[in-house]
Amino acid sequence: KNAVLAPTAVADYVVASRPATVKSDPHRDALVLEKVDPGTCLGLLDDGEQEDGYYHVRGSDGMDGWIYRTLVTEKQKTPKSP
């Protein structure tokens with residue numbers, strides 16, 4: 001039988017679920033670049049891959065940084081129709 005496989009969904013952005021910090025590197029002692037409020041959307045970089053539990057993100061101001069996975073909820077854009 002032929003199975004139809006759905007494409008793997010990769011999130012395009014994350015939303016801060018509580019007050020959080022965006023850091024310069026993916027570790028706890030890294031420099032804090034920005035504080036974000038709950039509901040703040042951050043674009044995901046590196047195909048949403050985590051490094052040491054951190055997502056590589058880009059804020060609306062264009063600055064790249066790292067945010068810890070438990071502080072955000074993954075989201076994905078609405079699939080486009082063919």
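Visitor: Is Gly-65 buried or exposed?

Guide: Burial is read from relative accessible area: under 20% is buried, over 50% is exposed, and values in between are partly exposed, with a 1.4 Å probe and protein chains only. Gly-65 has a relative accessible area of 1% and is therefore buried. This is a predicted model, in which local features need pLDDT of at least 70 and side-chain atom pairs count only at pLDDT 80 or more, while totals for chains, interfaces and linings use all residues. Residues are numbered from 1 along each chain as its sequence is written, and side-chain values use heavy atoms, with hydrogens and water left out.

Visitor: Which residues does Gly-65 touch?

Guide: A contact means heavy atoms within 4.5 Å. Leaving aside residues up to four places away in sequence, Gly-65 touches Val-22, Lys-23, Leu-33, Tyr-55, His-56 and Val-57. Gly-65 and Val-32 are 33 residues apart in sequence, and their C-alpha atoms are 9.0 Å apart in space. For the chain, consider contacts between residues at least 6 apart in sequence: 51% of these join residues at least 24 apart.

Visitor: How many helices and strands does the chain have?

Guide: Both are DSSP runs numbered from the N terminus: helices are H or I with at least four residues, strands are E with at least two. The chain has zero helices and eight strands. Gly-65 is placed in strand E7. Of the 82 residues in the chain, 30% are buried.

Visitor: How do E6 and E7 run relative to each other, parallel or antiparallel?

Guide: Two strands pair if DSSP finds at least two bridges between them. E6 and E7 run antiparallel and are joined by five bridges.

Visitor: Which residues form the aromatic pair?

Guide: Rings of Phe, Tyr and Trp (its six-membered ring) pair if their centres lie within 6.5 Å; planes under 30 degrees apart count as stacked, over 60 as edge-to-face and the rest as tilted. The structure holds one such pair. Tyr-54 and Tyr-68 form it, edge-to-face, at 5.0 Å centre to centre with 70° between the planes. Tyr-54 belongs to strand E6 (residues 54-58) and Tyr-68 to strand E7 (residues 64-68), 14 residues apart. Tyr-54 is buried at 9% relative accessible area, whereas Tyr-68 is partly exposed at 27%.

Visitor: With which residue does Asp-64 form a salt bridge?

Guide: Side chains of opposite charge can pair when their charged atoms come close. A salt bridge is a side-chain nitrogen of Lys or Arg within 4 Å of a carboxyl oxygen of Asp or Glu. Asp-64 forms one with Arg-58, and the closest N and O atoms are 2.6 Å apart. Asp-64 has 30% relative accessibility and so counts as partly exposed; Arg-58, at 37%, is partly exposed.

Visitor: Where are Asp-46 and Asp-52, and what is the phi of Asp-46 and of Asp-52?

Guide: Asp-46 lies in the loop between strand E4 (41-44) and strand E5 (50-51). Its phi is near 55°, a positive value in a residue other than glycine. Asp-46 is partly exposed, with a relative accessible area of 45%. Asp-52 is found in the loop between E5 and E6. The phi of Asp-52 is positive, near 55°, in a residue other than glycine. With a relative accessible area of 62%, Asp-52 is exposed.
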